[in-house]
Amino acid sequence: MATSTAVVNGAFIYILAFAALLFFLIVFFMAFYLVRYRRARNPVPEELPENALIEVIWVAAPTVLALTMFLYGLTGFKFLRHAPPDSYIVKVHSRQWSWLFEYPNGKKSPDMIVPLGKNIKCELTSSDVIHGFYVPAFHIQQNSMPGIKTFVWFNASALGSNYILCSQYCGLKHSMMLAKLIVVPPDQFEIWLKGGKIAFADNPLAVNMPPGETLLFERGCVSCHSVEGATMVGPTFKGLFGSHVRVSTAGKLRTITADEDYIKRSIVDPGADIVDGFPNTMPSARDVLSDEEIGKITDYLKALR
Ligand SMILES: [Cu+2]
């Protein structure tokens with residue numbers, strides 16, 4: 001079966017070969033005529049009559065040849081734009097600056113794990129700006145946009161780990177918007193999908209973290225908040241719980257204690273209390289965290305004092 005890689009490579013090599021052939025032909029004839037009809041040899045210019053036949057040929061032949069490139073590209077494009085109906089669907093959520101992959105049974109993961117040899121259809125959405133879901137190894141790339149659903153599909157034909165990048169400049173930490181696409185045998189995939197642990201390289205979820213910390217990784221909080229004390233786009237979580245925070249509430253500065261209510265409000269309604277000295281750029285996590293999950297994060301923050 002054809003794959004996205006083979007289809008894109010096919011069109012690329014055809015166009016490259018075509019361009020190379022034209023390049024050498026043109027350079028050859030340029031050099032040939034320069035020498036053959038040089039001034040020393042032909043001091044008097046000659047008048048040539050019009051030749052309609054030749055003119056038709058040199059318009060028609062390149063047109064037909066160029067159209068073969070178009071046809072080649074069109075078949076590949078049609079292939080890439082038609083996911084087979086039996087495709088396995090993975091929802092891809094993108095946001096500043098991380099990816100979240102959601103499986104049909106509700107499982108969520110910061111890395112994309114897929115079974116070998118299956119058609120996978122990625123349904124892309126964005127919760128803030130335009131991002132680009134880009135997997136160089138499979139030659140696929142598609143923008144994800146707020147309010148519009150887009151898709152891309154592929155069939156992984158080799159086991160192993162590949163990079164997922166963001167191909168649209170989407171702000172401060174765009175270059176860090178990375179994830180892994182890990183291809184595993186189908187039986188291993190089923191185990192992982194049902195919550196079992198399987199071994200794969202470099203996956204943060206393979207390490208046993210407290211549930212709250214896992215959530216911070218999974219839902220992309222760590223791209224703006226550190227847990228070790230460093231200030232990033234947002235304040236660090238270290239020592240936050242129970243501390244006194246200067247916040248601006250509806251434009252007025254006040255000091256409040258970071259208790260459970262404050263943490264929850266900061267997560268679901270980040271604009272309500274804006275920490276002094278920071279921009280109001282945090283996206284609300286109302287749709288990506290349940291109350292129970294917020295509870296787990298709060299428990300973790302309590303331990304991080
Ligand atoms: Cu991005």
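1. Thr249 stands opposite Lys252 in strand E12. The structure is a predicted model, in which local features need pLDDT of at least 70 and side-chain atom pairs count only at pLDDT 80 or more, while totals for chains, interfaces and linings use all residues. Residues are numbered from 1 along each chain as its sequence is written. Helices (H or I, at least four residues) and strands (E, at least two) are DSSP runs, numbered from the N terminus.

2. The pairing around Thr249 may be described next. Strand E11 (residues 244–249) and E12 run antiparallel and are joined by 6 bridges; two strands are said to pair if DSSP finds at least two bridges between them. Another facing pair in these strands is Val245 with Ile256 in E12. E11 and E12 form a hairpin with 2 residues between them.

3. Which residue in the turn of this hairpin has a positive phi? It is Ala250, with a value of about 45 degrees, although Ala250 is not a glycine. Ala250 is exposed, with 9 other C-beta atoms within 10 Å. For this classification, a residue is buried if 20 or more other C-beta atoms lie within 10 Å of its own, exposed if 12 or fewer, and partly exposed in between, with C-beta atoms placed from the backbone.

4. Is strand E12 largely in the open or buried? Of the 6 residues of E12 (residues 252–257), the number buried is 0, so the strand lies largely in the open. E12 also belongs to an open sheet of 3 strands in the order E12-E11-E13, with antiparallel pairing. E12 and strand E13 (273–275) stand at the edges, and each has a single partner strand, so one side of each is left without a neighbour in the sheet. The twist averages 45 degrees from one strand to the next. Such angles run from 0 to 180 degrees between N-to-C directions, and axes are lines fitted to C-alpha atoms, for helices over the stretch in contact.

5. A second open sheet has 5 strands in the order E4-E10-E9-E6-E7, and its pairing is mixed. Strand E4 (112–115) and strand E7 (140–144) stand at its edges, each with a single partner strand, so one side of each is left without a neighbour in the sheet. Neighbouring strands here are turned by 25 degrees against each other on average, direction ignored.

6. Ile113 has Ile182 as its bridge partner in E10. Helix H3 (residues 186–193) lies across E4 and E10, running at about 135 degrees to E4.

7. His139 has a positive phi of about 55 degrees although it is not a glycine. This residue is partly exposed, with 18 other C-beta atoms within 10 Å.

8. Strand E1 (residues 88–95) pairs with two strands named here. With strand E5 (residues 119–126) the pairing is in the parallel sense, over 7 bridges, and Ile89 has Lys121 as its bridge partner in E5. With strand E2 (residues 98–102), E1 runs antiparallel, and 5 bridges join them; the partner of Lys91 in E2 is Glu102.

9. E1 and E2 form a hairpin with 2 residues between them. Trp97 lies in the loop between these strands. A cis peptide bond joins Gln96 and Trp97, with omega about -5 degrees.

10. How do the axes of helix H1 (residues 4–36) and helix H2 (residues 52–81) cross? They come within 10 Å and cross at roughly 170 degrees. H1 and H2 are therefore roughly antiparallel to each other; angles under 35 degrees count as roughly parallel, over 145 as roughly antiparallel, 65 to 115 as roughly perpendicular and the rest as oblique.

11. Residues making the contact include Val7, Tyr14 and Phe18 of H1 and Met69, Tyr72 and Phe79 of H2. Two residues are in contact if their C-beta atoms, placed from the backbone, lie within 7 Å. By class, the contact has 10 nonpolar, 4 polar and no charged residues. Ala, Val, Leu, Ile, Met, Phe, Trp, Tyr, Cys and Pro count as nonpolar, Asp, Glu, Lys and Arg as charged, and the others, Gly among them, as polar.

12. Finally, the protein is divided into domain 1 (7–14 + 56–82), domain 2 (88–206) and domain 3 (211–302); the bounds come from an automatic or database domain assignment. The C-alpha centres of domain 1 and domain 3 lie 53 Å apart.
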